[in-house]
Amino acid sequence: MIISVDGLRVQAELETLATFSDDAPPAVTRVVFGNADRQARGFIKHLCAEAGLAIREDAVGNTFARWTGSDPTLPAVATGSHIDAIPHAGRYDGTVGVLGGLEAIRALRRTAYRPRRSIELVVFTSEEPTRFGIGCLGSRLLAGVLDEGAGKRLEAADGRTLDEWRTHAGFTGSLSSVRLGERSYAAFAELHIEQGPLLEREGLDVGVVSAIAAPASLRIAIDGEGGHAGALLMKDRHDAFLAAAEIALAVESAARSTGSDDTVGTVGVCDVFPGAVNSVPSRARLEVDVRDIDGSRRDAVLDRIGRACDEIRQRRGVAVRIEPINADAPARCDARVMDALVLACEEHGLRYRHMISRAYHDALFLSRVAPTAMLFIPCRDGVSHRPDEYASPEAIERGTTVLADALARLASE
Ligand code: GLV
Ligand code: MN
Ligand code: MN
């Protein structure tokens, strides 16, 4: 099938989307349910309505835009990603899968092709863990991996609950209503920038993802004793930050201890109280992220971090409390959806490889309830979660073409 994707239009839409941000360009900050996120949602819905798609939103703000197939009783074929962005991010993470997904549908609608199954674009709420500390909030609820009770307990740093924030953004109703019905989707394919260097280094057009790594995160609270930075003798101290610093180093060494490039550990948040230069820290709070493609190896790293915390606690005379936030299993992608992507690459003469995703994505949770795969496109120097993140219009156009072709194949089955 000849599919003509309008790469310039997607590029222009990505530029407009990047203007909905709480940061000065080129940085993008768009935290779920904040003003920028709400404006961005309005923009996307406007584009979907303009494309003639039927729009629906659920109680947590996941947004669905559907092209109804000739047999609407069949499970649909879906694509999509997220538009929220971590603080000081770039403009391509997630957004390429949303605007590329929309353009894939628009491109198919410009041909004579008409799908048997409906094709649906999904814009997932809060793939990033920024506001509520947990990633893939919308897709977890869709997959039933997070239940209503756990959702109700989620709280932002400002003390407002998920229920308060979503009501503020106009999303009401029971969180349990978000869960997808049995066999809602016959297939799900997410387009995303690679966020790593392999495709660019190897001069390839796309990556067909075969597995998604297992993410886990922890909050660690350290309580020591504060005091005067001049008067409190070094030998009498129980400095909470120094214990936190040792724990951060223990995270690094636990991740390195497996000897595999597939194990990674990061301490991305460290809050110190009271935060005065002449005051010994009495409290510190860490947020820790550990991932591996091998779930049991990831769990062994978590155990090692736990043991290190215990040792540091005793030696430094501080209290250490570990709160696990999530420890998800890895996902294997579905062979039939991967095949559709491969056939689409071959049809359009594009060079591809199979690869794993070290980042997590909404596809990790959709894979629990639908046959799922992902398609990566190269991004410059493999950079992501930074303002200089970049994917070329040509790369986006190629990925969108493969996605459109694969969606058409899957929606004809
Ligand atoms: C998603 O942004 C991730 O952290 O993998
Ligand atoms: Mn991200
Ligand atoms: Mn993403």
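Buried means under 20% relative accessible area, exposed over 50%, and partly exposed in between, with a 1.4 Å probe on protein chains only. This is a predicted model: local features need pLDDT of at least 70, side-chain atom pairs count only at pLDDT 80 or more, and totals for chains, interfaces and linings use all residues. Residues are numbered from 1 along each chain as its sequence is written, and side-chain values use heavy atoms, with hydrogens and water left out.

**View 1. A406 in helix 12.** A406 sits in helix 12; helices (H or I, at least four residues) and strands (E, at least two) are DSSP runs, numbered from the N terminus. A406 counts as buried, because its relative accessibility is 1%. Leaving aside neighbours within four places in sequence, A406 is in contact with A340, L341 and A344. Contact means heavy atoms within 4.5 Å. D388 is 18 residues from A406 along the chain, and their C-alpha atoms are separated by 30 Å.

**View 2. Helix 10 against helix 12.** The axes of helix 10 (residues 335-347) and helix 12 (residues 393-412) come within 8 Å and cross at roughly 125 degrees. Axes are lines fitted to C-alpha atoms, for helices over the stretch in contact, and angles run from 0 to 180 degrees between N-to-C directions. Helix 10 is therefore oblique to helix 12. Angles under 35 degrees count as roughly parallel, over 145 as roughly antiparallel, 65 to 115 as roughly perpendicular and the rest as oblique. On the helix 10 side, the contact residues include V337, A340, L341 and A344; on the helix 12 side, they include V402, A406 and L410.

View 3. Donors are N, O and S atoms within 2.8 Å of the metal (3.2 Å for Na, K and Ca); water is not among the atoms, so sites may look incomplete. H82 lies in strand 4 (residues 76-82), and D93 in the loop between strand 5 (85-89) and helix 3 (95-109). H82 is buried at 0% relative accessible area, and D93 is buried at 8%.

View 4. E128 and H385 are 257 residues apart. E128 is buried at 3%, whereas H385 is partly exposed at 37%. The two manganese ions, ligand 2 and ligand 3, are 3.7 Å apart, and D93 coordinates both.

How values were computed: Chains are lettered from A and ligands numbered from 1 in the order in which they are written.
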